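Please brief me on how the side chains pack in this model. Cover the nonpolar cores and the aromatic pairs.

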Amino acid sequence: MPAQGKHRRPKSTSLGRGLAALTTGGAVLALPVIGATSAFAAPAPSAAPQAVAPAAVVAQANSAAKAAPAKHSVVAGAKAAPAKHSVVAGETLSKIAREHSVSGGWEKLYEGNRKIVGSNPDLIHPGIKLVIGAKSAASSDGKSSKASPSAARGASADRADRSERIDAAPVAKAAPAAEKAAVTYTNDLDGWIKESLAVMAEQGIPGTYEGIHRNIMRESSGNPAAINNWDSNAVKGTPSKGLLQVIDPTFQAYHVPGTSTDSYDPVANITAACNYAADRYGSIDNVFGAY
């Protein structure tokens, strides 16, 4: 009985190779035999999914970015300090306002310097210092002026000339008389008296040309350098000086601001004497003798 064939399946090896011998006409062919099993590489793991921020979070971040204010290197609200201008002979408020490009013109310059200039904007004295860009002085009744409605609506409107604002009633303002022709005075007795009267009118000191001239001719004959070295005042060391023969203590007590501090100065001497006469006699016009 022929022997039973072996049917046990040969053991497979991974990627193993063998040779099987086949006979055909006595020839032996060697054929490669590939193992039944093969090795497979494990699939590459897929990339981890990118984290996606919820739409609400993105929207909130965008809103915060828009709301954040831009940073500036310039400090907000920084302003230049007001400039000062020393008045020289022949200048007017209008001329000074034009030279310094004052917004609001001579009226704005006058409002900020009313205490320095006085009640008459047509008359400014050489040597006084005007503040360019000063705030408007308080009104005569002691109450500060209120801002117009347009100023509350925006800072840019406040810088505009008040006469050019739409919501302001148009008011025609005449230029000061000094703009037409600068006031000049002759350097003689007539000019000294007239200039003194202008200063006195500004300061509210009474007196007339005739009253001043009459007393000058009696006291000094019109000589601004006159001095009395023989009367009782001279004996005390305070001689009478100038056109209206004023002693130094009286000159210092009644000196008018804006005039020279030299008692021999004609305008300073006249205004101080008239100020003293107004205080003691009501006016220089009431003086007809030694005073």
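The largest nonpolar core has 23 residues. I212, I216, L244, I270, C274 and Y291 have the most contacts inside this core. A nonpolar core is a set of buried Ala, Val, Leu, Ile, Met, Phe, Trp, Tyr and Cys residues joined through side-chain atoms within 4.5 Å. This is a predicted model: local features need pLDDT of at least 70, side-chain atom pairs count only at pLDDT 80 or more, and totals for chains, interfaces and linings use all residues. Residues are numbered from 1 along each chain as its sequence is written, and side-chain values use heavy atoms, with hydrogens and water left out.

- Two or more residues each come from α8 (189-203), α9 (209-219) and α12 (266-281); helices are DSSP runs (H or I, at least four residues), numbered from the N terminus.
- The most, 7 residues, come from α12.
- A second, separate core of 13 residues includes I96, V102, L109 and Y110.

**Aromatic pairs**
- There are 2 aromatic pairs in the structure; rings of Phe, Tyr and Trp (its six-membered ring) pair if their centres lie within 6.5 Å, with planes under 30 degrees apart stacked, over 60 edge-to-face and the rest tilted.
- Y254 and Y276 pair edge-to-face, at 5.4 Å centre to centre and 75° between the planes.
- Y254 lies in helix α11 (residues 248-254) and Y276 in helix α12, so this pair ties together parts 22 residues apart in sequence.
- Y276 and Y291 form a tilted pair, with 6.0 Å between centres and 40° between the planes.
- Y254, Y276 and Y291 make up one aromatic cluster.

**Burial**
- Y276 has 13% relative accessibility and counts as buried; buried means under 20% relative accessible area, exposed over 50%, partly exposed in between (1.4 Å probe, protein chains only).
- Y291 is buried too.
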